[in-house]
Amino acid sequence: MSFQAYLDNIKAKTGKTADDFKAMAAEKGLTKTADILNWLKSDFGLGHGHAMAIVHLIVHEEHQNASTDDKTDKLFSGSKAKWRKPFDELTGRINSFGSDVTTSAGQTYINLLRGSKKFGIVQPTSADRLDIGIKPKGAEATTRFEEAGAWNSMVTHRVRITQPQQIDAEVIDWLKKAYQACK
């Protein structure tokens, strides 16, 4: 179910929009996840998943209104700042795949997109590591090109980068194949 479908179901059940819930929560002074969750469940009869969708909109509103550049800057702040230059260089290389390559930053990772379809992600996980998730069709895992497993369900494979030079021709080739499969 898409996020918008959650919001549509909530409106059908309660007659309230996400903006209505934001305004009511602000009026009540609710800012903490647990408090908002309990209120939505008890006063509106929302299940956990639907209540969490509203909580996300209320608690993370500032993040939703931030630009992709601001979100990207935040992901590469502090101890993860050393990964910004390698990420920018990677972005420059994948932009050569086609004019339809874009990036979209979330709270924990950056989507690599061909139009509206995701072919990979980049996640600065720590000062010591950058993870690149790739979504190639039918590719076999290797020692370096491992299955993503529970790390992130949006991709099928992951490459753990501990040194910037590890973002090499092989990684770019995997990303290009995933991009080409995303038609």
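Analyst: Glu146 touches Ala141, Thr156, His157, Arg158 and Arg160, leaving aside residues up to four places away in sequence. This is a predicted model. Glu146 sits in strand 5, residues 146-147. Its relative accessible area is 18%. The cut-off for buried is under 20%, so Glu146 counts as buried. Its side chain has a polar partner: a contact of 3.0 Å joins Glu146 to the side chain of Arg160.

Now the nonpolar cores. The largest has 27 residues. Leu90, Ile94, Phe97, Phe119, Ile132, Ile134 and Leu175 touch the most other members. Helix 7 (84-95), strand 1 (101-105), strand 2 (110-114), strand 3 (117-126), strand 4 (129-134), strand 6 (157-161) and helix 8 (169-181) each supply at least two residues of this core. Helix 8 gives the most, with 6 residues. Phe119 has contacts beyond four places in sequence that include Ile94, Phe97, Leu112, Ile134, Leu175 and Tyr179. A second, separate core holds 18 residues, among them Leu7, Ile10, Leu40 and Ile54.

Last, helix 2, residues 18-28. Ala18, Phe21, Lys22 and Ala25 are buried there. They lie on the same side of helix 2, because they cover an arc of only 100° around the axis. An α-helix has 3.6 residues a turn, so residues three or four places apart point the same way. Asp19 and Glu27, on the other side of helix 2, are exposed. Just after helix 2, Gly29 takes a positive phi of about 75°.

How values were computed. Residues numbered from 1 in each chain as written. Predicted model: local features only at pLDDT ≥ 70, side-chain atom pairs only at ≥ 80, totals over all residues. Heavy atoms only, no water. Buried < 20%, exposed > 50% of the residue type's maximum accessible area, 1.4 Å probe, protein only. Helix = DSSP H or I, 4+ residues; strand = E, 2+ residues; numbered from the N terminus. Arc of directions from axis to C-beta. Core = buried A, V, L, I, M, F, W, Y, C linked by side-chain atoms within 4.5 Å. Contact = heavy atoms within 4.5 Å. Polar contact = N/O pair within 3.5 Å; in protein donor to acceptor, adjacent residues only side chain to side chain.
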